[in-house]
Amino acid sequence: MENKLKVYKSDRFDLQDASYLSLFLYPNSIQIFTKDENENTICIHSYHSLNSDSLEKLILTDPLLRADIPAKIYLHSPYFALVPGVLYQPGKEAIYLEFAGKTLDNPFYFNTALDSNNLQVLSGISGKLFRTLSARFSELSFHHGSVSFLSYLFKERFNLIGQEILIYFFDGNMYSAAFTAQELSIFNIFEINSLEDILKYLLILVKQLEYNRNLVRISVFNEPDPKGINEEWGKSYFNNFRMIQASANQSYTHGFKNLKHLSLFEVNWQFV
């Protein structure tokens with residue numbers, strides 16, 4: 001595992017200053033952000049070519065995960081559902097997630113309220129993974145990984161135009177959100193393997209929502225380098241296409257370098 005680890009840290013990093021950690025479980029990577037009592041990130045451990053199946057061993061070896069501090073878990077997974085707040089009923093998670101994918105073994109469900117409780121983001125993990133994490137951390141909270149991206153979009157909603165599609169790429173996947181007249185119309189996750197896949201899903205969204213290709217604005221966060229996407233490519237299909245970065249609600253202690261190489265939305269913005 002050591003050769004898959006990249007470390008980003010303050011030049012004054014001391015694990016004793018750690019107050020809690022945020023653990024982002026991506027499909028093919030694990031990102032561990034350690035925060036101090038002032039909510040500043042003091043160290044990041046970034047593991048590539050690993051996923052949640054590797055956690056049981058990683059918990060025993062990674063010094064950040066071995067620290068006796070609370071943990072917030074963010075699971076980036078296709079297994080999720082959005083439910084309007086007024087319709088959400090606790091205990092009905094299995095019904096809401098019925099079409100989200102393969103049923104989990106002995107699942108542990110969790111939800112996060114967004115947009116002033118107008119939206120609930122539901123997801124779940126297997127009972128085995130829940131037991132692994134619960135055995136290690138005495139204080140835990142769980143969220144679907146999309147809540148950081150969605151919470152940012154809701155914050156920015158009044159800066160959106162009438163027809164807007166916003167994309168975040170990660171680990172061969174993309175979250176796609178469409179806002180019509182500043183209201184969320186669609187949110188989903190797609191697996192992508194090529195530029196053609198990206199264009200296909202964008203055109204499907206435009207057609208489904210009856211957007212005008214000359215008017216709709218496409219905003220892309222975190223350039224997926226292997227795909228070669230850029231503004232020149234985007235503007236060859238859409239008049240209003242841009243590559244942007246999220247504004248920041250995250251702060252870092254002195255000495256962090258090369259964070260842009262992580263290409264993570266959560267480097268700038270996290271749901272807190």
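1. Strands S10 and S11 (residues 173–180) run antiparallel and are joined by eight bridges. Within this pairing, Phe170 has Asn173 of S11 as its bridge partner. The two strands form a hairpin with two residues between them, and Asp171 in the turn has a positive phi of about 45°. The model is a predicted one.

2. S10 also pairs with strand S13 (residues 217–221); these two run parallel, with five bridges. Here Ile218 in S13 is the bridge partner of Ile165.

3. Strand S10 spans residues 163–170, and seven of its eight residues are buried, so the strand is largely enclosed by the rest of the structure.

4. Arg157 and Glu183 meet in a salt bridge through their side chains (2.9 Å, N to O). Arg157 sits in the loop between helix H5 (146–156) and S10, while Glu183 is in strand S12 (residues 183–191), so parts 26 residues apart in sequence are tied together. Arg157 is buried at 6% relative accessible area, whereas Glu183 is partly exposed at 47%. Asp115 is linked with these two residues in a network of salt bridges.

5. In the whole structure, seven salt bridges are found. One of them joins Asp197 to Lys200, with the closest N and O atoms 4.0 Å apart. Both residues lie in helix H6 (residues 195–208), three residues apart, about one turn of the helix.

Note on methods: Residues are numbered from 1 along each chain as its sequence is written. This is a predicted model: local features need pLDDT of at least 70, side-chain atom pairs count only at pLDDT 80 or more; totals for chains, interfaces and linings use all residues. Side-chain values use heavy atoms; hydrogens and water are left out. Buried means under 20% relative accessible area, exposed over 50%, partly exposed in between (1.4 Å probe, protein chains only). Helices (H or I, at least four residues) and strands (E, at least two) are DSSP runs, numbered from the N terminus. Two strands pair if DSSP finds at least two bridges between them.
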